[in-house]
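Please keep the sequence and the model in view while reading.

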Amino acid sequence: MSVATESEQLYPIKFLPHYKEVLWGGTRISEYKGVDLHDSNVGESWEISAVPGSESVVAAGPDAGLTITQVIKKYGSRLVGKAVYEEFGTTFPLLVKIIDANKDLSFQVHPDNELARARHNCFGKTEMWYIIDCRPDARLYAGLNQDTTPEDYERRIEDGSIMDIVTCHKTIPGDIYFLPPGCTHSIGAGNLLAEIQQTSDITYRVYDYKRRDANGNYRQLHTDLAREAVDYRAFDSKMDYEKSGKCSKLVDCDFFRTSLLKVEGHQSYHNERDSFLIVMCIEGDAQIGSTTLRRGETLLVPAEMKDVDIQGTATLLLATV
């Protein structure tokens, strides 16, 4: 594989998703994306990933078959942006997922960059959720509702009362949640959501509702690792945003910036960042250049394509760094 010349035209890139089978997964990803996955326990669709062992592969076009790392090596700053390339090199900095929680996920926490680098030589994990759809009874748990101490926190983990000090949210489609490192959380059963996060697969499981596996054993907890990772201060993870506009800003943090774009007919979007643009189709269908984007699909738009021409009727989740 050679480095691309300036004359080689870049284009919006669609990758093959990585489907993850998990104990708490279901069938909604298959239904939502309109694909037959031949499995009833798919909990995650990794849409764009540079996590080792789960690197995204280009689905079609001149670069079909190349991994995301190889594509960055080929196009460099033309693809990801000069500032992004200078900071991250050939490591793509974001991981984009669709998650189907058919059952409750464990209660967990993620480390920040400093702790993750020291322990695992990788990025920490800051993330956000966009609720795509949910059952009427769906809930999620995110952020402590009161300040606590490490000692009280661990006592509550042991006696099962930890959920008493965690904020419970009744989910509604279109809601968003921001989860910085240290924010304890759990996705409850019945939620289908999009997740934008740093490129990291480090999770510390701190509570699992005293559930047992098929052999009668409790799943492993990471109490000691989580002790230094947890933020023991109260935090409200639910974010408000303007839902009536055509383009609504969602999360603006040190690691990513996200917005929601509603397209009806023809619209041009200008990417003002020195960054790639991720486009996930939440609802409807859109045409971006010569590429069709259907519900549940995700595109990587190169940084050098500053003005993006979009046609169709769709709700799009956008992300840059």
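This is a predicted model: local features need pLDDT of at least 70, side-chain atom pairs count only at pLDDT 80 or more; totals for chains, interfaces and linings use all residues.

Strands, like helices, are DSSP runs numbered from the N terminus, a strand being a run of at least two E residues. With strands named in that way, β2 gives the largest share of the lining of the largest pocket, namely 3 residues.

- Strands of a sheet pair through backbone hydrogen bonds, in either a parallel or an antiparallel manner.
- Within this sheet, β7 (residues 127-134) and β12 (residues 191-198) run antiparallel and are joined by 7 bridges; E127, for instance, has Q197 in β12 as its bridge partner.

**The largest pocket**

- The largest pocket holds about 450 Å³ of space, and of the 22 residues that line this pocket, W24, E44, L105, Q108 and T203 are the closest to its centre.
- Two or more lining residues come from each of β2, β3 (42-48), β5 (94-101), β7 and β11 (185-187).
- Sorted by class, the lining of the largest pocket comprises 9 charged, 7 nonpolar and 6 polar residues.

**The second largest pocket**

- The second largest pocket contains about 350 Å³ of space; its lining is made of 17 residues, with K249, R257, S259, Y269 and E272 lying nearest the centre.
- At least two residues of this lining are supplied by each of β15 (247-252), β16 (257-270) and β20 (307-320).
- The lining of the second largest pocket divides into 7 nonpolar, 5 polar and 5 charged residues.

**The cavity and the tyrosine pair beside it**

- When the whole structure is searched, 1 cavity of 30 Å³ or more is found, and the space in the largest cavity is about 60 Å³.
- The residues that line the largest cavity are Y153, E154, I157, V206, T223, A226, R227, V230 and Y232, and the elements that contribute two or more of them are α6 and α7.
- By class, the lining of the largest cavity has 6 nonpolar, 2 charged and 1 polar residues.
- Y153 is buried, because its relative accessibility of 3% is under the 20% limit, and Y232, at 14% relative accessibility, likewise counts as buried.
- Y153 and Y232, both listed in the cavity lining, form an edge-to-face aromatic pair whose centres are 5.5 Å apart and whose planes stand at 85°.
- This tyrosine pair links distant parts of the chain, since Y153 belongs to helix α6 (residues 150-159) whereas Y232 lies in the loop between α7 (223-227) and β14, 79 residues apart.

**Other ring contacts**

- The model has 5 aromatic pairs in total, and one of them is F88 with F123, an edge-to-face pair with 5.8 Å from centre to centre and 75° between the planes.
- Here too distant parts of the chain are linked: F88 is in helix α4 (residues 82-88) and F123 is in the loop between α5 (113-120) and β7, 35 residues apart.
- K20 places its charged end over the ring of W46, at 4.3 Å from the ring centre.

**Individual positions**

- F92 lies in the loop between α4 and β5 and counts as buried, with a relative accessibility of 0%.
- Between F92 and E55 there are 9.8 Å in space, C-alpha to C-alpha, and the two are 37 residues apart in sequence.
- V35, in the loop between α1 (28-33) and β3, is partly exposed, with a relative accessible area of 31%.
- V35 is 171 residues apart in sequence from V206, and the two are 34 Å apart in space, C-alpha to C-alpha; V206 is also one of the residues lining the largest cavity.

Methods. Residues are numbered from 1 along each chain as its sequence is written. Side-chain values use heavy atoms; hydrogens and water are left out. Two strands pair if DSSP finds at least two bridges between them. Helices (H or I, at least four residues) and strands (E, at least two) are DSSP runs, numbered from the N terminus. Rings of Phe, Tyr and Trp (its six-membered ring) pair if their centres lie within 6.5 Å; planes under 30 degrees apart count as stacked, over 60 as edge-to-face and the rest as tilted. Buried means under 20% relative accessible area, exposed over 50%, partly exposed in between (1.4 Å probe, protein chains only). A charge sits over a ring if NZ of Lys or CZ of Arg is within 6 Å of the ring centre and within 35 degrees of the ring normal. On a 1 Å grid over the protein atoms alone, a cavity is a set of points where a 1.4 Å probe fits but cannot get out, and a pocket is an open set with protein on both sides within 12 Å along at least five of seven lines; lining residues have an atom within 4 Å of a point. Grid points are joined across faces, edges and corners, and a volume is the space filled by probe spheres set on the points. Ala, Val, Leu, Ile, Met, Phe, Trp, Tyr, Cys and Pro count as nonpolar, Asp, Glu, Lys and Arg as charged, and the others, Gly among them, as polar.
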